[in-house]
Every structure is written in structure tokens, then in C-alpha cells.
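Open the model in your viewer and keep the sequence panel beside it. The stops below go from one selection to the next.

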Amino acid sequence: MGYTILKQDTIPVCAGLKMAGEPQTVSTPKEGVKSGGDIDRCDVYELFVSPLVCGHNYMELFRSVPEVFFPIDYIASRISGSGFQLKKVKDDSVVWENKRMNQILTKPNCLMSWNEMIYSHFVYKLCTGNAFFRAAMGETFKNQPKWKWCDNFWELPADFVNVEPNIGANIPIFGIASEDDIIRCYRLNYGYVSTMEIPSYQIWHDRDGSPEYMSINGFLKSQSRLAAHLKPISNLLAVYEARNVIYVKRGGLGFLVSNKKDEAGTAAMTEDEKKEILDSHFGKFGLDQRRLPYGLSDVPLSFVRTNLTISELQPFEETLTDAIQIAGAYGIPSVLVPRKDQATFSNQATAEKAVYTSTIIPMAKKFCKQLSAFLGLEEGGYYLDCDFSDVDCLQQGLKEAEEVKTLINTRCKEQFLSGLISINDWRAQIKESRFEEPMFDKTLFEMSDEEREIVKNVISLNTKSEVENGRENQEPTVQDEGE
């Protein structure tokens with residue numbers, strides 16, 4: 001049975017500022033705005049004056065709210081700054097001389113470097129929940145490996161890309177179907193390019209979650225992680241607005257109250273007295289050189305404050321709480337969230353190492369695997385990998401890994417000499433590629449005398465080298481010859 005997809009109109013960016021779950025309305029193009037082109041963008045000011053309506057305009061939040069920027073930039077900058085390498089599938093060795101891939105890993109298009117493009121990819125993915133990696137190539141090379149036949153790779157602005165389903169037919173979306181059967185094209189509505197339809201074979205849609213089929217977020221798009229943190233984000237914007245109001249002294253600060261008294265009690269100021277106080281204040285009181293830093297009044301007065309100070313509002317505690325919740329959505333512990341007492345934490349290195357091992361490295365490895373498949377590298381016997389060996393907080397882990405590998409080597413050597421495993425079994429345990437020679441699949445007792453002699457000579461040679469190295473590292477002993 002087929003699955004019918006109803007076409008949804010493109011939702012402008014400003015419509016994304018509604019509360020999550022609220023029905024989206026489709027706006028008609030305004031005068032002076034090209035249809036499908038420059039969509040009316042919401043000003044940053046609107047986010048701050050209406051903090052409770054922030055919903056889907058996540059890129060604007062990333063650009064304007066530090067607590068949203070921090071965790072996304074933390075992950076994206078570290079992945080893009082890692083060393084990307086081309087390796088052979090056969091033995092995992094690094095391929096240094098491959099002109100095509102070296103060009104891609106240096107400058108994938110005429111405007112951006114590889115690191116810039118990878119940074120943009122993860123910013124879009126973590127911020128909007130979707131990233132669109134494009135290989136711009138002709139129809140002639142549709143079924144050819146992209147890394148060989150494509151010279152231009154781009155990261156599309158994900159908040160302006162829509163996945164257009166095939167219309168007018170029952171789509172077997174949960175049945176037997178190819179990508180072209182389900183997706184008609186990817187539509188880009190952005191700036192100077194106006195409306196562009198990109199065929200599906202040129203696009204790798206990298207989602208940060210599961211795809212949604214009938215959703216206001218868009219067909220086959222994933223929801224952003226920020227959607228679950230609408231209230232903390234709204235609180236942040238409200239706090240920033242309140243602090244701004246206090247700093248620039250907008251709004252009423254309080255009242256001047258007369259302390260005059262007569263037989264009947266407290267007496268109010270007359271209109272002339274009020275006018276005289278205001279004229280004196282605005283005429284003589286101020287901070288420039290020609291005004292006094294204090295005011296004078298013939299009327300006894302007292303001041304009743306109506307506003308709250310920053311210390312009374314306690315916005316910094318609220319900001320930190322919200323920032324911790326948002327960072328937690330991206331797997332970043334609270335100890336790494338910037339704060340004024342940051343230097344007091346002694347476990348930052350441990351926390352940063354945990355983020356690398358649990359979030360950054362797995363995410364980067366997954367990216368390399370999926371991009372290798374998209375580019376068709378596996379058909380040529382290659383794959384992309386990323387190297388984090390120069391990260392300071394991971395150095396201790398590398399030392400521990402080498403110690404474990406040494407222990408495994410020692411154990412395997414004993415097992416081989418006991419006739420329990422073969423050389424290739426040994427190499428498999430230390431995660432090295434196997435040898436093709438048949439003799440390396442035999443145990444020591446299955447080998448001929450000649451084969452046994454060859455292997456023993458190699459092992460004894462290595463053992464002798466290790467002993468000599470150990471002697472070189474020893475300090476010379478001094479004997480007590482007496483007097």
C-alpha cells in the first residue's frame with residue numbers, strides 16, 4: 001500500500017518564531033521581496049523584546065545568544081579542527097599522495113576551506129537538526145564516484161532548504177523505493193540564488209535525529225535539540241532584556257515624595273513646586289562639566305524606589321542554570337560551561353576528555369563514515385578518518401592504550417610459542433591487518449621446520465632488541481671498592 005504525501009508550502013523564517021507546536025502560517029511575499037528569494041528576516045531586537053515567542057529560528061539564536069552559541073561552537077570547532085585523513089580500507093594506512101582527495105580536503109570550493117565547510121556543517125546540524133552537503137556535478141556523472149568526478153562541494157544553509165516530495169502519486173515510503181521515488185528535489189530558497197532545485201543524487205542529508213514525515217519542521221527533516229529547551233531559552237532572553245533595562249535606566253526608577261507637614265499631617269507638593277524641582281533637575285543636575293553632581297531643593301523630599309536592582313533579580317544564577325541545561329543537551333557537562341569562578345574547578349581536563357570520548361569523536365567518526373559512502377570512496381578502497389592524537393586531554397589515554405597493547409603483545413607471544421594461536425590470530429588481537437602468506441595462519445606446531453626457524457629468528461631478534469634498549473636506559477652501577 002502506498003503512502004500519500006501532501007505538499008506543504010515553504011514557511012518563512014519569521015514564521016519560525018512562534019511557540020513550538022503552534023500552527024504555522026504561510027506568509028505571502030512582501031512588496032520588494034522576490035518570491036522564493038530574500039525572505040523577510042526577523043531582527044535580533046524582536047527576539048529580545050518578545051522572549052516568549054522564540055521557537056524555530058534557531059540560527060538566529062545561535063548568532064545572538066551566547067548560551068546557545070557555546071555548546072554548538074564547542075563541538076563544531078573541535079571536529080573541524082581535527083586532522084582529516086584518507087586511509088586504505090585494506091590496512092588502514094594513511095594515503096598522502098592522492099591529488100583528488102588532497103584538493104577536496106584543502107579547498108572543496110572556490111570560497112571556503114575544508115575546515116570552514118566542516119564547521120558550517122556541524123553548526124547547521126546541531127542548531128537546526130539538519131545539514132545538507134552538496135556535490136555540485138552534472139547529470140552525466142550521476143552514477144560515478146563523486147570524489148573522482150566532482151570539483152565543487154558545498155554546505156547549504158539548512159534553514160533555507162526544503163525536501164520536496166514527489167507529488168500526485170502514492171509513494172511507497174515504507175516499501176520498496178529508491179530515493180528518486182520519494183524525493184523530487186531539494187529546494188534552496190536563499191538570497192542571491194532565489195529558488196534553486198537540486199537533484200537528490202547531489203545531496204547528502206545529515207540529520208541529528210530521526211526524520212519526521214508529516215511535520216511543520218519539513219518533510220524528512222529532523223527536529224533540533226533546542227526544541228526541548230524552549231523555556232530555558234525564553235528565560236535567557238527575558239533575563240538579558242531585564243538586565244538591559246536596568247543598565248540603560250529605561251522605565252521608572254521611583255517617585256519623589258514630599259515630606260512637608262502641617263497640622264493636618266503630610267502636605268502634597270503644589271504644581272509650582274513640582275515644576276521648579278523638575279526645571280532645577282534638568283537644568284543644573286548631571287554628570288557633564290557644567291552641571292552639578294547633586295541637586296538642591298527647597299521642598300523636603302524622600303525617594304521611593306519602584307524598580308529592582310540586578311542583585312535583587314539574581315539574573316546570573318538563572319543564566320547559569322539555563323546555560324547548563326542547554327549545554328547538557330549536547331553532552332557537555334556543567335563544569336565546562338563558562339562562569340566567573342571557572343578557575344576553581346580541578347576536573348576540567350577529565351570533563352573535557354569525557355566530552356571527546358563520548359560526543360566529539362563518535363560524532364566525527366560517524367560523519368567520516370557517512371561522507372565516505374556519499375563520495376564513493378569505498379569503491380576505490382579508501383575511507384575518510386579523523387585524527388585527534390594531538391589533543392592534550394587525550395594524551396594520557398593514548399599512553400594507557402599503548403600500555404594495554406604492550407600487555408596484549410606479551411600475552412599473544414606466549415600463546416604463539418605455546419602453539420595456541422597463529423601469527424594472524426596475534427595480529428588480529430592487536431588490531432593489525434593479516435598477512436597473506438599461508439604460513440602465518442598456522443600455529444607453531446603446524447609449521448614446517450623451515451617456517452618455524454624463520455618465525456623464531458624474527459621473535460628472538462625482536463626480543464634481543466628490546467633487551468638491549470632496556471640496558472641502554474639503565475643507569476650504570478657503581479661498586480664500592482673500599483679504601
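Which residue lies over the face of phenylalanine 374? Select lysine 146: it is placed at 4.8 Å from the ring centre. A charge sits over a ring if NZ of Lys or CZ of Arg is within 6 Å of the ring centre and within 35 degrees of the ring normal. Next select tyrosine 74, where the charged end of arginine 78 sits over the ring, 3.6 Å from its centre.

Some conventions apply to every stop. This is a predicted model, in which local features need pLDDT of at least 70 and side-chain atom pairs count only at pLDDT 80 or more, while totals for chains, interfaces and linings use all residues. Residues are numbered from 1 along each chain as its sequence is written, and side-chain values use heavy atoms, with hydrogens and water left out.

**Whole chain**

Colour by secondary structure to see 15 helices and 12 strands; these are DSSP runs numbered from the N terminus, helices (H or I) having at least four residues and strands (E) at least two. Of the 483 residues, 37% are buried (buried is under 20% relative accessible area, exposed over 50%, partly exposed in between, with a 1.4 Å probe and protein chains only). Taking contacts (heavy atoms within 4.5 Å) between residues at least 6 apart in sequence, 63% join residues at least 24 apart.

**Aromatic pairs**

The chain has 17 aromatic pairs. Rings of Phe, Tyr and Trp (its six-membered ring) pair if their centres lie within 6.5 Å; planes under 30 degrees apart count as stacked, over 60 as edge-to-face and the rest as tilted.

Select phenylalanine 133 and phenylalanine 153. Their ring centres are 6.0 Å apart and their planes meet at 40°, so the pair is tilted. Phenylalanine 133 is in strand E2 (residues 130-136) and phenylalanine 153 in strand E3 (residues 152-156), so the pair ties together parts 20 residues apart in sequence. Both phenylalanine 133 and phenylalanine 153 are buried.

Move to tyrosine 356 and phenylalanine 388, an edge-to-face pair with 6.0 Å centre to centre and 70° between the planes. Tyrosine 356 belongs to helix H12 (residues 348-375), and phenylalanine 388 to the loop between strand E12 (382-387) and helix H13 (395-417). Tyrosine 356 is buried at 6% relative accessibility, and phenylalanine 388 is buried at 8%.

Then select Phe84, Trp114, Phe122, Phe133, Phe153, Trp204, Phe367 and Phe374 together: ring pairs link these into a cluster.

**Salt bridges**

The whole structure holds 14 salt bridges (a side-chain nitrogen of Lys or Arg within 4 Å of a carboxyl oxygen of Asp or Glu).

Select glutamate 197 and arginine 187, whose closest N and O atoms are 2.9 Å apart in a salt bridge. Glutamate 197 is in strand E6 (residues 194-198) and arginine 187 in strand E5 (residues 183-190), 10 residues apart. Glutamate 197 is partly exposed at 43% relative accessibility, whereas arginine 187 is buried at 15%.

Next come aspartate 208 and arginine 225, in a salt bridge of 2.7 Å, N to O. Both lie in the loop between strand E7 (203-207) and helix H8 (230-247), and the pair ties together parts 17 residues apart in sequence. Aspartate 208 is buried, and arginine 225 is partly exposed.

In helix H9 (residues 271-284), lysine 274 and glutamate 271 are three residues apart, about one helical turn. Their side chains meet in a salt bridge at 3.8 Å, N to O. Lysine 274 is partly exposed at 38% relative accessible area, and glutamate 271 is exposed at 59%.

For the last stop, select Glu164, Arg184, Arg187 and Glu197, which salt bridges with shared partners join into one network.
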